[in-house]
Amino acid sequence: MPTPKPHCGPCGPQWYIHKIAHKEGSIYTVSFDALNVTRIVYDIVRDCDTLSSGQHDPTSSAFEIDLNGVSDGKAFFLASCPNCVGFCQPFEFEVVHNGTLTPSVPQLRAVISGNNVLVFWDFEGSVDAFELQATRDGESWTDVTLSMSAQIRQLKTGPWLNIEELTFRMRARKGANYSSWSEVVTPSTETTQPDVVIPNPGNVPFSSVRIDMINIMQDPNTGLWFDAVSSTSGDYNAYYYLNGRPLKSPDGGRLSFQGMAFESGFVDVEKIYLHKDHYSNWQQWEMFFWRTKEKVGEVYVNDWWVLASSQQRLVIP
Amino acid sequence: MIVEKLNLPSWIRADYISHIDEAPVVGNVGKIAALHSVDADITDAQKFERGFSHVPKIWDNGTSADKKCFVLLSDVFPGTGHSDAQIDAAAQNVGANISKNACVGDQFTEAGNNPIPWWDGSYFTVGKKFYQKLCEEVGASGAADTNFFCNYDTKFANFCEFFHINGERNPLHPYIVNALASEAGARKKGDETNSNDPYYSSGMAEWTNMFTMMLWANDGETKDWLFNAIFETQRKYAAKADAKTVMYTSPWAQSLNNPVNEHHKNPGHIHPREGGYWKVPDWHTVPFEFQLWVGFFGCLLAEGCYNWDSTVNFSKSIANDRENEWTPDRTWVSEGGAAPALLPDGEPRYPQFPRAGMDAMIVGVHWYNSIKHITNASTGVAYATYIADGETVAPQAGDPRLFRRGFRNYGQDTILHVAAAQKGLALEAIGAGETLLVYINPYRLLTEKENVTILSNGKSYDLGKLAGSKLHVFRVKNGAIQ
């Protein structure tokens, strides 16, 4: 039998540094995910050199560390908790407070979408802000307000007039340091009209299985699909679901299953027969379906409000 | 530019029998694709070669302990009650038959002869002890080191049902929003008081993971079935950095609040035979399209998928068509011929309801397999901006990537906003020189099409008219057909 590891409490066998954020000066805030770590012992390591060490007895899931004297650049935060056997994943972060790092240049793209310009950018590294500017004449640049600090990519939408005339550029700021301006980009519709290719179209043959009281068939003349079984049975009317959605008109009315056009794929049809005196439309069924389960003693007295429930499963080539 | 759209493979059939043995060999997909169903004439090896990862032969010495799955019954606890000795005995018995890589859940609160009370919180007390002992038995250091997923009861596993809080649908209810905003918010339930989720507060989460439940029946309004499940996977990772979850479904549709998916309302599956056909009442089934979603999104956004059927030994041969004492009587409809003879009740048996739902799920797994090199090389699957019928729908501000195991992106709750607006969902991943684009709108009918353009990486891809309630997966490879 394997030797059980001591239980590490709610923090579990692994715990995590969630985030290390620059607060001010040489102070950084460390956030971690663990519930009962009683003491965190840590080293700040870069290229096998220990730049700083310390310990902290946390009372919450965040605490502050002072990295005075540590130069800018990427470093690892290596943490352990002497009171448990849990393992903390090494966390890589960026020391930035000395202001010696110059941000990298954002990679900018702009796409026209209707009356909007959608601006995308990719960026690596730490940043305090991005500056986006637009111009109409290529000389006079105007700031475009950005109130976000993106980590991966951000999006700006807005109404623009004569969008074809606008060009954009962007730079990143970290502390007092700015990156170079990005290349000037012209928004493009760039609407690719991709040739959407479906490999081996038509290779999947038609197949179908069904329950009684439904029979979805294809009209050989029109290619459209219909139910060959009546949509009424005595006092009951048929209601359909198509791939799980109720088949209803825009105003919520009941629709018959006819004149349907389907592309290749699964088509799943449910057909339920509901008594007309109790369910005369979709809304009544959706609000009061539960009444079919009303019980008197051991008897579901309204069970007969549903006559039958049929299904058909089709694979359309 | 050329974009490849994934489509159904040539081997798939809407059928009573599974055709998984006709699927291409794909090997290990790298995700859980547990098939809780047994076949007499399709070997487990054939299933494993085609992407399934686990089979429900937990007590079978001939099956690899890594490749077993099961949803345990309360019978594993000997006798009556759940003393520490009984819990240890159960865990030792189960542990002797599996490894930590087995995919195991339970139905301790409702199935078997020794159920654990759930209404008084006993399940979490007993369950924690059981899974802790089970981890010990299989040499696992904790939940993250296993494929254990505990109880399959939706009310335990999921935060809420279909974005409902206090009976009202509101995907942007503060309880739900908070569940993606912080670990503390994610460790609660979407009940009246936003109470602490006992799965976490009991410490059970350290010893077992939790399913994302996706059972389906047309029980009232189910339009949020998929997006609620995607939210639920996100919630699981928000709650615990190293959480695992798999999307769990069944080929059976079982109504709880109305009788439409009950045996006695089934007028009979049509089984054509020589000279006529049988009408055979049995389980209704979950739409195959939905099974496809479970397979694809389970692998794309979580650790995989679990398809629970039963351990009935099914046969592909009509010669094994049998009487069945568990289902209503069947009816022979003659078209000139006499009813064929049936074998007495027993196994192996020819299936009475369509089993192809499991095939549909594995198609979704295969779709994931065909694009996983993109996601594996990417920084993560992200929400994408799209334009549908002229309206632009953008992700919520901030890092657009979804939560996943080991990556928590608090505040990224685009799934809630598209659900609230009942709009489609566009996802993207960029890696290995390719782009993955996904679009789905479960709020529209299959016959309602939207003109969809996805904006990705500064390019815009006009994908044409896309049908509702249908999964659309595209693969872009720098203008070349892959």
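A word on terms before the numbers: the domain bounds I use come from an automatic or database domain assignment. Also keep in mind that this is a predicted model.

For chain B, that assignment gives domain 1, residues 12-373, and domain 2, residues 376-476. Taken over C-alpha atoms, the centres of these two domains of chain B are separated by 27 Å. The contact between them involves 32 residues of domain 1 of chain B and 28 residues of domain 2 of chain B.

Which helix gives the most to the domain 1 side of chain B? That is α8(B), with 7 residues. The helices of chain B that each supply at least two residues to this side include α5 (174-179), α9 (288-301) and α10 (356-377).

Next, helix α3 of chain B, residues 122-138. With 17 residues at 1.5 Å a residue, α3(B) should span 24 Å, and its end C-alpha atoms are 24 Å apart, so the two agree. After α3(B) comes G139(B), with a positive phi near 75 degrees.

Now the cores. The largest nonpolar core has 191 residues, and C305(B), Y306(B), Y439(B) and I454(B) touch the most other members. The helix α10(B) gives the most to this core, 11 residues. Leaving out residues up to four places away in sequence, the contacts of Y439(B) include Y386(B), V452(B), I454(B) and H472(B). There is also a second, separate core of 20 residues, among them I17(A), I65(A), C81(A) and A241(B).

Terms used:
Residues are numbered from 1 along each chain as its sequence is written. Chains are lettered from A and ligands numbered from 1 in the order in which they are written. This is a predicted model: local features need pLDDT of at least 70, side-chain atom pairs count only at pLDDT 80 or more; totals for chains, interfaces and linings use all residues. Two residues are in contact if their C-beta atoms, placed from the backbone, lie within 7 Å. Helices (H or I, at least four residues) and strands (E, at least two) are DSSP runs, numbered from the N terminus. The expected span of a helix is 1.5 Å times one less than its number of residues. A nonpolar core is a set of buried Ala, Val, Leu, Ile, Met, Phe, Trp, Tyr and Cys residues joined through C-beta atoms within 7 Å. A residue is buried if 20 or more other C-beta atoms lie within 10 Å of its own, exposed if 12 or fewer, and partly exposed in between; C-beta atoms are placed from the backbone.
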